[in-house]
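This report describes the packing of rings, charges and helices in one protein model.

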Amino acid sequence: MKILVIGRTLPLKSSDITGIFEFEQAKGASQIGYNVIYGFVDNRSIKVMRSINKVDKEVRDIKTIGYYLPIGGITKKIYDFIKYKLFKKMFNNAIKHYGKLDIVHIHFPLININSKIIRFLKQQDVEIVITEHWSKVLNKALSNREEGILDLLFKESSKVIAVSSNLEKALSEYNKKFEYPFKDNIFVIPNLVDSVFSYIPLEKSENFTYATVGRLVNMKGNDIVIKALAEVIKKRPNVKLYIIGDGPERKSLENLIKDYYLDNKVIITGYLSADEIKEFYKEINVYVTGSKIETFGVPVIESWLIGRPVIIGDNHPMSSEVNKANGLIYEYYKDNTYKNLAEKMLEVQDMKYEYEKIALDCYRNFSRQNVLARLDEIYRSLSSGN
């Protein structure tokens with residue numbers, strides 16, 4: 001079976017990991033025996049991307065075809081027309097080089113395609129599968145144009161997937177608004193986690209160490225974690241915080257660290273590879289996040305697979321999976337959120353966890369193997385006509 005996986009872009013630079021979830025799933029589908037081509041049409045603004053280029057080669061053993069053309073910000077009508085033309089060109093090149101496609105699996109569909117593209121795909125004798133990740137769907141903040149695209153996707157897609165139960169619920173609520181609702185189930189299949197993440201023992205240290213992982217952007221709430229640590233230190237000074245990641249908020253976070261006199265307590269590592277993150281976890285006791293909104297939360301799964309408990313807000317999509325054996329939950333969107341987080345950061349120091357059991361329990365539910373098995377079921381159901 002030949003599958004064209006559509007992502008936002010090709011994640012090649014450590015400073016820009018856009019597209020990493022989509023490309024990782026393309027790799028995973030290839031690993032379980034599918035003939036996969038990864039395609040993209042990257043039209044982000046010139047403020048983000050200045051390249052006008054084409055990719056047509058194997059990237060990390062995945063056949064890849066894509067275009068870069070920074071037109072973000074122009075009128076939607078012209079933007080949609082150019083996007084459609086480039087998508088059609090990419091699609092036809094994929095067929096020319098690799099033969100007839102069976103499935104087109106589109107991630108972030110409200111970002112990656114439009115109504116013209118959906119109608120084009122319906123003429124191509126392919127099954128359409130979509131996976132939604134976007135926080136804008138979770139917030140129910142779609143524009144009329146975006147709702148129109150989603151409505152058409154529900155009409156024309158064979159399978160609809162969400163990366164979390166919260167996102168599935170949001171999609172279902174949108175679906176109820178439409179005149180001709182999607183008749184099949186909306187499936188929940190989590191994002192794939194890099195196979196490097198597995199149990200690693202905790203090394204003894206004089207400090208109790210927290211970590212938060214992700215891009216340094218406002219929505220990740222790293223400022224909340226820093227402020228919470230400042231509260232923790234008032235009662236228990238032998239602590240340390242690693243902020244693992246990089247991004248546009250780095251300078252403001254560094255200034256916040258100085259304002260709270262935490263220079264010797266908080267370390268911003270910059271971007272780290274999966275192997276490097278795992279190495280850091282040898283001395284990390286618990287993962288924490290101040291994230292304002294997530295549609296899944298890969299670092300939570302990575303931390304559990306390594307065998308570490310987590311502290312997340314009650315607004316987090318993984319909050320339903322947290323129990324006393326694998327972490328704590330604090331109240332978000334309440335007054336003084338950072339103080340709520342600080343209370344749990346103090347409480348966790350007195351908890352006793354079975355680290356290896358955390359890893360084993362997570363593996364049963366969220367391992368790469370299990371996620372790919374669920375994806376395989378979707379693809380097989382389409383090949384059998386179900």
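## Terms and basis

A residue is called buried when its relative accessible area is under 20%, exposed when it is over 50%, and partly exposed in between (1.4 Å probe, protein chains only). Helices (H or I, at least four residues) and strands (E, at least two) are DSSP runs, numbered from the N terminus.

The model is predicted: local features need pLDDT of at least 70, side-chain atom pairs count only at pLDDT 80 or more, and totals for chains, interfaces and linings use all residues. Residues are numbered from 1 along each chain as its sequence is written, and side-chain values use heavy atoms, with hydrogens and water left out.

## The enclosed helix α11

In helix α11, the buried residues are V298, P299, V300, I301, E302, S303, W304, L305 and I306. Because nine of the nine residues of α11 (residues 298-306) are buried, this helix is largely enclosed by the rest of the structure.

These buried residues pack against α1, β9 (208-213), α10 (274-280), β12 (286-288), β13 (310-313) and α13 (355-366), contact being defined as heavy atoms within 4.5 Å. Just after α11, G307 adopts a positive phi of about 105°.

## Aromatic pairs

Rings of Phe, Tyr and Trp (its six-membered ring) pair if their centres lie within 6.5 Å; planes under 30 degrees apart count as stacked, over 60 as edge-to-face and the rest as tilted. This rule gives a count of twelve aromatic pairs. One of them joins F23 and Y38, whose ring centres are 5.0 Å apart and whose planes stand at 90°, so the pair is edge-to-face. It links distant parts of the chain, since F23 belongs to helix α1 (residues 20-31) and Y38 to strand β2 (residues 35-42), 15 residues apart. Both F23 and Y38 are buried.

The rings of Y332 and Y333 also form an edge-to-face pair, because their centres are 4.7 Å apart and their planes lie at 90°. Y332 counts as buried at 5% relative accessibility, whereas Y333 is exposed with a relative accessible area of 59%. One aromatic cluster is formed by F23, Y38, F40 and Y68.

## Charges over rings

A charge sits over a ring if NZ of Lys or CZ of Arg is within 6 Å of the ring centre and within 35 degrees of the ring normal. The charged end of R8 sits over the ring of F108, 3.8 Å from the ring centre. K63 lies over the face of Y98, at 5.5 Å from the centre of that ring.

## Helix packing

Axes are lines fitted to C-alpha atoms, for helices over the stretch in contact, and angles run from 0 to 180 degrees between N-to-C directions. Angles under 35 degrees count as roughly parallel, over 145 as roughly antiparallel, 65 to 115 as roughly perpendicular and the rest as oblique. Helix α2 (residues 76-98) and helix α4 (residues 115-122) pack at an angle of about 30°, with their axes 8 Å apart; α2 and α4 are therefore roughly parallel to each other. Residues in this contact include F81, Y84, F87 and F91 of α2 and I117, F120 and L121 of α4.

The axes of α1 and helix α14 (residues 368-383) come within 10 Å and cross at roughly 75°, and α1 and α14 are therefore roughly perpendicular to each other. The contact involves E24, Q25, K27, G28, A29 and Q31 of α1 together with R368, L372, L375 and Y379 of α14.
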